[in-house]
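Work through the exercises below with the sequence and the model side by side. Try each task before reading its solution.

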Amino acid sequence: MCLGIPGQVIRMLDGYEGQLALVDVTGEERRINVGMLPEESFAPGDWVIIHMGFAIEKTDRAGAEAAMAGLELMGRGRTDGTADWDGG
């Protein structure tokens, strides 16, 4: 399983054979390579799932929200203060 972070396309960047997009990731602008999805087209407002600087999936707002909810859930850990594993 790989972890993907959702982001929303702000605009496609000139050059780079159309493979770079400027994407809003939780309020921060990042350059993302969309070259792994050659069958897709991208426009401002589109949502993508990003892994290590590459768009690995095109999604919609609901998919982006689900991805973020999963990441937030993983970051919370257990609520009882104990570790999820025994460390041994």
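**Exercise 1.** Locate aspartate 46 in the chain and list what surrounds it.

Step 1. Aspartate 46 sits in the loop that links strand E3 (28-33) to strand E4 (47-51); strands are DSSP runs of E with at least two residues, helices are runs of H or I with at least four, and both are numbered from the N terminus. This is a predicted model, in which local features need pLDDT of at least 70, side-chain atom pairs count only at pLDDT 80 or more, and totals for chains, interfaces and linings use all residues. Residues are numbered from 1 along each chain as its sequence is written, and side-chain values use heavy atoms, with hydrogens and water left out.

Step 2. Leaving aside residues up to four places away in sequence, aspartate 46 touches Gly7, Gln8, Val9, Ser41 and Lys58 (contact: heavy atoms within 4.5 Å).

Step 3. A polar atom of the aspartate 46 side chain lies 2.7 Å from the backbone nitrogen of alanine 43.

**Exercise 2.** Is phenylalanine 54 buried, partly exposed or exposed?

Step 1. Phenylalanine 54 belongs to strand E5 (residues 54-59).

Step 2. Its relative accessible area is 34%. Buried means under 20%, exposed over 50%, and partly exposed in between (1.4 Å probe, protein chains only), so phenylalanine 54 is partly exposed.

**Exercise 3.** Describe the chain as a whole.

Step 1. The protein chain has 1 helix and 5 strands, in the order β-β-β-β-β-α from the N terminus.

Step 2. Of its 88 residues, 27% are buried.

Terms used. Polar contact = N/O pair within 3.5 Å; in protein donor to acceptor, adjacent residues only side chain to side chain.
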